[in-house]
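Colleague: I want to learn how to read helix packing in a model. Can you walk me through a case?

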Amino acid sequence: MKNILHNEKLIFFLILFNLLVIYFHSFEFFEPYYFYFDLIDIFLTLFFAIEITHTILFKDKSFSVYFKSNWNKLDFVSVLLSLPSILILFDSEFEILTGFIALRSLRIFKTLRIIEYIPGGKKITNKILSAFKGVTFILFAFVIFTTVISVISVSLFKNIAPLYFNNAFESFYTIFKIFSGDGFSDVVGEIQAHSSEAATAFAKLYFVLIVFLGTILGLSLVNSIFINEMSTIVDEVDENNDKTVDYLKTQIEMLNAKQDVIMEKLKEVMEAQEKKKI
């Protein structure tokens, strides 16, 4: 039983299978099989709950030890949220709760721990996390910048293009789409259809400017941070390689020296034997 509950390959397969069942459950074509899908969901939910309970009681032997791992926290919460789906076994009105079981598929992210076993994986992960710390400020600044631009855009284009700038929220969504390169021509076309040529020209210049500031400069900063962090890894690897080469050269020189000593002693022994024969 222990080997089954703590078999990582089996758990991984069951998570993928559970996700596949949930996926098929969304198609009306499989409606005749919904009941069986629900039973599989319930079985897997109970299995995962037993697995976590066994880990806490017999493997880690305490909640405090178990919850030291963030992955375990994710496992526990996802299973806890999926437990209400068992109610559909008794009443179909609770079927909406089966959606909670999808959270269990988040456990698949546990496979990312394979990075730890890749040579240099931990170092690369730490560098990526360090890079994200720098990017966090840029993302926060990007949200603030987009919010400010959204409010300004409402004031400028609400009466001309209410479909895109009716309020700050809609305006934020529109500006974000423009940053992503989607909908630029549609927004400008809407403004052009309800305003003068001068207003249209201003709108084009306005959106080109904010796209330049928000997209080109923003992406450049993000890329520069990641490139800088990743380049330090290359430098460290090169430095380690140089140290390794120097170490190997030293070892080879020591071996050559020992070999010379051995050859000298061997030569002396052979000469002594020759003298004895004479």
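Modeller: Start with one pair. Helix 3 and helix 5 are oblique to each other, because their axes cross at roughly 140° and only angles over 145 degrees count as roughly antiparallel. Bear in mind that this is a predicted model.

Colleague: How far apart are the axes of helix 3 and helix 5?

Modeller: They come within 10 Å. Helix 3 spans residues 34-59, and helix 5 spans residues 70-82. Their crossing is left-handed. On the helix 3 side, Thr45, Phe48, Ala49, Ile52 and Ile56 make the contact. Helix 5 answers with Asp75, Phe76, Val79 and Ser82.

Colleague: Now take helix 2 and helix 3. At what angle do they pack?

Modeller: About 150°, with the axes 10 Å apart. That angle makes helix 2 roughly antiparallel to helix 3.

Colleague: Is the crossing of helix 2 and helix 3 left-handed or right-handed?

Modeller: Left-handed. Helix 2 contributes Leu10, Ile11, Leu14, Ile15, Phe17, Asn18, Val21, Ile22, Phe24 and His25 to the contact. From helix 3 come Tyr34, Phe37, Asp38, Ile40, Asp41, Leu44, Phe47, Phe48 and Glu51. Note Phe48: it is in this list and also in the contact with helix 5.

Colleague: And the surface? Which residues form a nonpolar patch there?

Modeller: Phe13, Phe17, Leu20, Tyr23, Phe27 and Phe29. Together they have about 650 Å² of accessible area. Tyr23 lies in helix 2, which covers residues 8-25. Phe17 belongs to the patch and also takes part in the contact with helix 3.

Methods: Residues are numbered from 1 along each chain as its sequence is written. This is a predicted model: local features need pLDDT of at least 70, side-chain atom pairs count only at pLDDT 80 or more; totals for chains, interfaces and linings use all residues. Side-chain values use heavy atoms; hydrogens and water are left out. Patches are made of residues with over 30% relative accessible area and no salt bridge: like charges are joined within 9 Å, nonpolar side chains (Val, Leu, Ile, Met, Phe, Trp, Tyr) within 5 Å. Accessible areas come from the Shrake-Rupley method with a 1.4 Å probe; for residues, only the protein chains shown count as cover. A salt bridge is a side-chain nitrogen of Lys or Arg within 4 Å of a carboxyl oxygen of Asp or Glu. Helices (H or I, at least four residues) and strands (E, at least two) are DSSP runs, numbered from the N terminus. Axes are lines fitted to C-alpha atoms, for helices over the stretch in contact, and angles run from 0 to 180 degrees between N-to-C directions. Angles under 35 degrees count as roughly parallel, over 145 as roughly antiparallel, 65 to 115 as roughly perpendicular and the rest as oblique. A crossing is left-handed if the near helix is turned anticlockwise from the far one by less than a right angle, and right-handed if clockwise. Contact means heavy atoms within 4.5 Å.
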